[in-house]
Amino acid sequence: MSLPETAPMPALVLGGRYRLEQVIGTGGMSTVFRARDEHLHRDVAVKLYDADAAEVARQESELSVLASLDHHSLVTLLDAGVSEDASRRANRFLVMALVNGTNLRDRLRGPRIAARNIAEIGYDMAEALEYVHSRNVIHRDIKPSNIMLVDYGLSARRARARLTDFGIALTDTAERLTLDGQTTGTAAYLSPEQASGGTITSASDVYSLGLVLLQCFTRSIEFPGTIVESAIARLSRDPVVPDYLPAHWKQLFAAMLSRNPAKRPNGRDLVSVLRQVVIAESGRHADPSEAPAPTVVPGTEDGEPTTLIDTIPDEVLHRVTAMAARLFSAPISAVSLVENGVTRLVSHFGENVESIGDDIDLSNNRPPSPEPVLITDARKDPRSKDSRLVKGPLGMRFYAGAPLLLGDGTVIGTISVINTTSHKPKPEDMASLVDLAALVVAQLELPSEERTY
């Protein structure tokens, strides 16, 4: 496991081989250190428990759980032991793989996470839950800080996630350390049954993961406040899923965040559904593995490589496209962004084209025009009369587009409006479309801390 580094510690060797170097995390009854395994000459993470006899059963329970698990989406237990402090009190410790990267809580403080990466994180966690639940283990504390994002030092943008911290996990064989009716877990991510002190099942982990994935989109905690405030909120209402999310996300959240545990998907079904979500999100973009290495966005907190076009949330683009559609009384609008061979497309479809929306691909391989484009009758205009959007099921008759121009004149995309009837807009309507394009670019070029989302 890995957390942000803090001050170095005096040299201390545990078990004759693990030299503690830095504190990288603290909890209620333990401290996590970056350490050096002097036998195998590698860095590891050491979780050192406080010498508290009352916590021995919980410590042994976590050790028992971790020792029984081995999966690529879990932080691996390497060793365990007991060390005596200066007062000759026994301190148990666990040795785990040190994850090079950050946790999801800290990552959420940086640039937005692309929808496809959220889907990939969800898929990794679904695999982890399928595995642990099949072994009758319930994690009970799924939250962003317990999800590690692995950095292998490669240029690939694929986010690899691992689940950690089984300190309050439940198993069939381990002693139940929480009394019935007592709430255990982190308040903001409890399932309704956890919040009310009810029976905990594997479905509780699924609900908590749903809240985590929802937070990746909204950038805010759905049920903030104290344990009482948070519990009352989730028992009285369902989480609010943003309207701008595609149907596959809305359906997934509706299932994962059902207040009825029986209606939530089990581990195997969740893996299957999230696999389809990953495929759906990947289909909306160029293949990241075939794209050039992403650029670094100046001003980000962690300097994590990302493309500029991925730093603006879908919510902003959905609002802009909806505004453009209203401006021209048109059913379809889109923002298409291109950078380093990567294309990002966000579309708005009105109700009257929903039935054929899946057959529409507004992207193309032509470079965006540096000037506004207006086509009032696409059947007669030589620029569009042979387009499949005109001849195909959409039957496009009107098109208006404005370029997204960076300050240096680089064209990085287009905001466009499409209608199935011919139309002659007012000059001020085209001017407004150009202004919307400028607003999108302004958000992209602002430092992240000054943006309005």
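## Basis

This is a predicted model, in which local features need pLDDT of at least 70, side-chain atom pairs count only at pLDDT 80 or more, and totals for chains, interfaces and linings use all residues. Residues are numbered from 1 along each chain as its sequence is written, and side-chain values use heavy atoms, with hydrogens and water left out.

Strands here are DSSP runs of E with at least two residues, and helices are runs of H or I with at least four, numbered from the N terminus. Two strands pair if DSSP finds at least two bridges between them.

Strand β2 (residues 18-26) runs antiparallel to β3, joined by seven bridges; Thr 26 has Thr 31 of β3 as its bridge partner. Strand β4 (residues 42-49) is also antiparallel to β3, with eight bridges, and Phe 33 stands opposite Val 46 in β4. Four residues lie between the strands in the hairpin of β3 and β4, where His 41 takes a positive phi near 55°.

## Arg 264

Arg 264 sits in the loop between α7 (247-256) and α8 (267-282). Arg 264 counts as buried because its relative accessibility is 6%.

A polar atom of the Arg 264 side chain lies 2.9 Å from the backbone oxygen of Ala 203. Beyond neighbours within four places in sequence, Arg 264 is in contact (heavy atoms within 4.5 Å) with residues including Glu 193, Ala 203, Tyr 207 and Met 256.

Notes: Buried < 20%, exposed > 50% of the residue type's maximum accessible area, 1.4 Å probe, protein only. Polar contact = N/O pair within 3.5 Å; in protein donor to acceptor, adjacent residues only side chain to side chain.
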